[in-house]
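Please look over the structure below before reading on.

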Amino acid sequence: MNGEEHLISMLVNNKPGVLSRVAGVFGRLGYNIESLCVAATTDPEISKITLVSKSNSDSTERTKKQLEKLVDVVEVTELGQIQSVQRELILIGIKLQQEHRAEIARAVDIFGCKIISMKSDYYILEVVDNKEKIETVLNYFAPLGIEEIARTGVIALQKDK
């Protein structure tokens, strides 16, 4: 789907099937969910869904209105880069080749990565940052031998609440 990325944060009742109904709205309108995170809030009866979808602004407004009509949706907010703090976590498994050992060690330091697991020929790194920094780290490590990645979706909090 073409369009720009829109970050939508929702507070929903913490009940079975709510996520399925939210995803159904995107499916019916023909939009893919690019990333998705769901977890309970400080109130165990309420969960926060944070998702990223690509569309134009008019389509995002239409999607938000459809989401607000769902019974278990309490609040729908679109968050922009300026008014929110956004983070993503990624685990990177790197096959270690001797000729890249020093370069990887420097990159870990420069990018602020954490080494989560280390064997003689394989590292697992953790990176927590915004999407741009995550992409920069992935692009840097790609030619050095990324074996696998696991990536959360974006989580975000509005700065002014």
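Two strands are said to pair if DSSP finds at least two bridges between them, where strands (E, at least two residues) and helices (H or I, at least four residues) are DSSP runs numbered from the N terminus. This is a predicted model, in which local features need pLDDT of at least 70 and side-chain atom pairs count only at pLDDT 80 or more, while totals for chains, interfaces and linings use all residues. Residues are numbered from 1 along each chain as its sequence is written, and side-chain values use heavy atoms, with hydrogens and water left out.

Strand β7 takes part in the two pairings listed here.

| Strand | Partner | Sense | Bridges |
|---|---|---|---|
| β5 (residues 84-95) | β7 (residues 122-129) | antiparallel | 8 bridges |
| β6 (residues 114-119) | β7 | antiparallel | 5 bridges |

Tyr-122 of β7 is the bridge partner of Lys-95 and also of Lys-119, and a hairpin of 2 residues joins β6 to β7.

Lys-64, which lies in helix α2 (residues 57-68), counts as buried because its relative accessibility is 13%, buried meaning under 20% relative accessible area, exposed over 50% and partly exposed in between, with a 1.4 Å probe and protein chains only. Leaving aside neighbours within four places in sequence, Lys-64 is in contact (heavy atoms within 4.5 Å) with Ile-8, Val-76 and Glu-78.

Leu-36, placed in strand β2 (residues 33-40), counts as partly exposed because its relative accessibility is 36%.
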